[in-house]
Amino acid sequence: MAVSETHRIQTKDLDTPPRLLLGPGPSNAHPRVLRALSNRQVGHLDPTFIDLMNEVQELLRYAWQTDNKVAIPVSGTGSAAMEAAIANTVEPGDHVLVGCNGYFGERMVDMASRYGAQVHRMDKPWGESFDLAEIRTAMEAARPAVLGLIHAETSTGARQPLEGVAELCAEFDCLLIVDTVTSLGGVPLFIDEWGIDVAYSGTQKCLSCPPGIGPLTLGPRALDKLERRSTPVPNWYLDMSLVGKYWGSQRTYHHTAPINMNYGFREALRLVAEEGLEQRWDRHAANAQLFWDGLENMGLSCHVDASIRLPSLTTVRVPEGVDAGAVARHLLNTYNIEIAGGLGQLAGKVWRIGLMGFNSRPENVRLLLSALQETIQK
Ligand SMILES: *Cc1c(COP(=O)(O)O)cnc(C)c1O
């Protein structure tokens, strides 16, 4: 047999452009994280990697403000952690109530229905969030076993206030799952104090690590439900009763953890601990304010009310007569700045601009504002 030469293409050395990633994610990784990724490998059951696994879990508990036993990096992106959250807590036939005020609420609806839930929607226009009275009314109608909310809706830039939601959930004997992908490490978040049973996140938003890991935490009530399941978790890879043994004290082989990604993730979490959560949240808030003030000076407005506007992701209204896509393309081609357009209800109406983690710095805000000004005037 002769070896076919088809597909044997000639390629150049990889030379990526120096983009400033100010869209909805990924954001630029911190240089220290990129360096950590290139450390030499050890085996995934090597004693040094086991130490690293402990450090990662402990630093993740700090970032999330939780004492939960399970606070682990799922091997996969934020969506894998999202699927793990659903797969482990939803049993076929469970009533699941989901807050739908953006793209990621819709994704949660899709996932929960694939796991056999009877899904109830709670709808709100994109850019708004739910108040406690609205959540109560929806819970009275749905009587859910699980309530899913998106803390930071990256598609709209709206923050979902969470204080008081856990008390409602306790009243209805319901688990609370919260998507913290665009809030962890950038927006005030207290897993234990707010009584969140299950939360998940991603590494490439406010944690400034490349995509590839999905942090997940399960509180005692969620673990209890997992133990009492009448059917096995219908997803082998994401079954936390198996994965938990790998990350727990037993260290039983389940799958090979992405070693180098965990080096990077550890460094990202070290950076959070070094800076301090409050300082980090304040930095995100201050740079977002600088950005919003600059937008106002330019005559541009934000889509989301200031009271629930996320510091990590701003939706900026596209002025009348301006081609949103052309502006984004010009920013990329001329300035190497990536921003994104709107999705769903907001398609063509807003730009989505992220100031996340390492990227949340005054010099980036100033560069973006002047680039935006020049582009729109053109
Ligand atoms: C980015 C994002 C996700 C999905 O994460 P991936 O890493 O893209 O899989 C889920 N929820 C929200 C709110 C997000 O912003």
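Helix H2 (residues 47–64) lies across strands E2, E9 and E10 and runs at about 110° to E2, where helices (H or I, at least four residues) and strands (E, at least two) are DSSP runs numbered from the N terminus, and where axes are lines fitted to C-alpha atoms, for helices over the stretch in contact, with angles running from 0 to 180 degrees between N-to-C directions. Helix H3 (residues 78–89) also packs on the sheet, touching E2, E5 (146–150), E8 (175–179), E9 and E10, and its direction makes about 30° with that of E10; contact here means heavy atoms within 4.5 Å. The model is a predicted one, in which local features need pLDDT of at least 70 and side-chain atom pairs count only at pLDDT 80 or more, whereas totals for chains, interfaces and linings use all residues. Residues are numbered from 1 along each chain as its sequence is written, and side-chain values use heavy atoms, with hydrogens and water left out.

The sheet itself is open and has 7 strands in the order E2-E10-E9-E8-E5-E3-E4, with mixed pairing; two strands pair if DSSP finds at least two bridges between them. Strands E2 (70–75) and E4 (118–123) stand at the edges with a single partner strand each, so one side of each is left without a neighbour in the sheet. From one strand to the next, the twist averages 20°. Strands E9 (residues 198–200) and E10 (residues 213–218) run antiparallel and are joined by 3 bridges, with Leu218 in E10 as the bridge partner of Val198.

The largest pocket has a volume of about 420 Å³ and is lined by 22 residues, of which Lys69, Val70, Met240, Gly244 and Lys245 lie nearest its centre. A pocket is an open set of points on a 1 Å grid over the protein atoms alone, where a 1.4 Å probe fits, with protein on both sides within 12 Å along at least five of seven lines, and lining residues have an atom within 4 Å of a point. Helix H8 (240–247) supplies at least two residues of this lining, as do H2, E2 and H7 (220–227), and the largest share, 5 residues, comes from H8.

The second largest pocket, with a volume of about 240 Å³, is lined by 18 residues, with Ser79, Phe104, Arg107, Val181 and Lys205 nearest its centre. Domain 1 (20–26 + 276–376) and domain 2 (31–273) both give residues to the lining of the second largest pocket, so it lies between them; the domain bounds come from an automatic or database domain assignment.

Key. Points joined across faces, edges and corners; volume = space filled by probe spheres on them.
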